[in-house]
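Open your viewer and get ready to click along. We will go from stop to stop, selecting a few residues each time and looking at what surrounds them.

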Amino acid sequence: MASGLVGRDRELAVLTDLIDGVVGGGAAVVVLGDPGIGKSSLLHEATEHAARSGMRVLSVTGVEAEAHLAFAGLHQLLWPLLPGAEQLPVLQRGALSAAFGSASECPADRRAPDLFMIALAALNMLTDAAAECPLLVAVDDAQWLDQASLEVLGFIARRVYADPVGMVLTAREEKGQVAALAGLPELPLAGLPEKAAGELLTAMVRGRVDGRVSAQVVTGIAGNPLALVELARELTPAELSGAVPLGWPLRFGGRLEELYLARVQALPSDTRTLLLVAAADPTGDPALVYKAAGCLGVGLEAGEAAETRRLVSWQPQIRFQHPLMRSAAYYAAMAQARRGAHAALAEVTDPVADPDRRAWHLAAGAAGPDEQVAVELERSAGRARARGGLGAAASLLEQSLLLTADPAAYAERVLATAQVSMQAGSLGRALELLATAEAGEARLLNEFQCARVDLLRGHIAFVSHMGSDAPSLLLKAARRLEPLNLGLARQTYLTAWSAAIMAGHLAGAGDLLEVSRAARALPPPA
């Protein structure tokens, strides 16, 4: 693979072999590395090679601001293939439509679409497209994708071996960032070797680079290519030639964030505001960003300031040159300014076409408790849950808790958040929320809510292990529910009965006989 990259011959060869071998069977690899290490550049070379080879390329880039929107990443990836969704089996087509929010309105009690069906639908869409032309799926910054999309991509990556589909995904190396991709082949990306890093530094500057200066710079940035490129732009010819000693540690301490932060802070006030709004907006829509900036009294000309294009490009979509530049543009502003940017974006976001993103901006723009925004977040959580995005629903409900001041409303919302967290598999967080619900005199639960706490604890014990806790907890909850909600008590006895069967002789209190007697003592159903 011909490439302008320096020092990445081995990694490029791995990706070349994967792409060239796709016709004989699919394969996937996850490129792991620190920010700025060159993952995106390597992915770009891979997609260019695939395109030259006649493959079709589908790509998606994770954006941190959209990580709470269930299936947002999958929607972006599959958008070009959606016309072919009509060929999917009925159940798969319905699940995918529900996940993308394109299904018609359903009864409130309809179950959320099954993640397995959504993943099957996505897999079939990709393999159908690959039957016409070999396909490369390119995923950049996977750690910023929403959890639901990540799980679907992991499902697909483990099942493309029989079809001409290649997958290259990049992600940061932090442990646990992309657990959904565990078990897939990995390509770790380390810093450049000293010789290659020196060549890159020399290529980036005009004039002579002293060998000792080169070695000092390469050591200071640990071979990080982006850090080296950025630092090369900051050093003077005298510093590069060795005539003037380098400051040590390096000017930005080897940390890209500090360098970008300094660049943002050096810009005019209006330009910083425009960059802040762009950083707070995940859509990359220039019209939306300019309109929101206008609400803050900032015009389009603010984006023409010198040095701005080193940070961001404005057309056809707004794109920061690196995720750390977006982070710097956002966090260079005071908290009050960040809230103002989100409030402006909420004001210009269509409440009908995009209610969830508007609710998210409203929440980020709130300076304190706000019941109206909390209700909007609850509605967004309901829509996410209906699409099967339980993790996203739990995140939205957690945000609503932060905006709730009324103790009664807080108690109800914390129980709802605990239930969705449990359903999403976050059992530890669900238990923490239940403990929060019970703590504090200002947030006393009523009798029915206390029974629901017992019920949730019983469910968590049941799904987390088959020991002795679940039957007794569920039996306690069922007895507490009898005078409050006979139907729910009956369901809880049935669950306790199942838990007692599973626990067997370990059940102790709440064994099968005790649960059976208690259940049979209930009044007959109407």
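## First stop: Thr 47

Select Thr 47 and look for its partners: setting aside neighbours within four places in sequence, Thr 47 is in contact (heavy atoms within 4.5 Å) with Val 57, Leu 136 and Ala 138. Thr 47 sits in helix 2, residues 39–52. Helices here are DSSP runs of H or I with at least four residues, strands are E runs of at least two, and both are numbered from the N terminus. Is Thr 47 buried or exposed? Its relative accessibility is 15%, so Thr 47 counts as buried. With a 1.4 Å probe and protein chains only, buried means under 20% relative accessible area, exposed means over 50%, and partly exposed lies in between.

A note before you move on: this is a predicted model, in which local features need pLDDT of at least 70 and side-chain atom pairs count only at pLDDT 80 or more, while totals for chains, interfaces and linings use all residues. Residues are numbered from 1 along each chain as its sequence is written, and side-chain values use heavy atoms, with hydrogens and water left out.

## Zoom out

Now show the whole protein chain. Its C-alpha trace spans about 90 × 55 × 45 Å along the principal axes, and the chain holds 24 helices and 7 strands. Of its 526 residues, 48% are buried. Among contacts with a separation of 6 or more, 72% join residues 24 or more positions apart.

## The nonpolar cores

Next, select Phe 71, Ile 156 and Met 167, the residues with the most contacts inside the largest nonpolar core, which has 63 residues. Such a core is a set of buried Ala, Val, Leu, Ile, Met, Phe, Trp, Tyr and Cys residues joined through side-chain atoms within 4.5 Å. Helix 5 (residues 115–132) supplies the largest share of this core, 10 residues. A second, separate core has 32 residues, including Leu 226 and Tyr 290. In soluble globular proteins, nonpolar side chains tend to be buried together.

Stay with Phe 71 a moment. Beyond its neighbours within four places in sequence, its contacts include Phe 100, Ile 118, Val 152 and Arg 387.

Which helix holds Asp 454? Select helix 21 and you will find Asp 454 there. Asp 454 is buried, because its relative accessible area is 6%. Not counting residues up to four places away in sequence, Asp 454 touches Leu 473, Lys 476, Ala 477 and Arg 480.

Helix 21 also gives the most, 5 residues, to the lining of the second largest pocket. A pocket is an open set of points on a 1 Å grid over the protein atoms alone, where a 1.4 Å probe fits, with protein on both sides within 12 Å along at least five of seven lines; lining residues have an atom within 4 Å of a point. Helix 19 (407–423), helix 21 (447–464) and helix 23 (486–503) each supply at least two lining residues. Select some of the lining, including Met 422, Phe 448, His 459 and Thr 495.

## Last stop: Glu 438

Finally, pick Glu 438 in helix 20, residues 427–438. At 44% relative accessibility, Glu 438 counts as partly exposed. Leaving aside neighbours within four places in sequence, Glu 438 is in contact with Leu 445, Val 453 and Arg 457.
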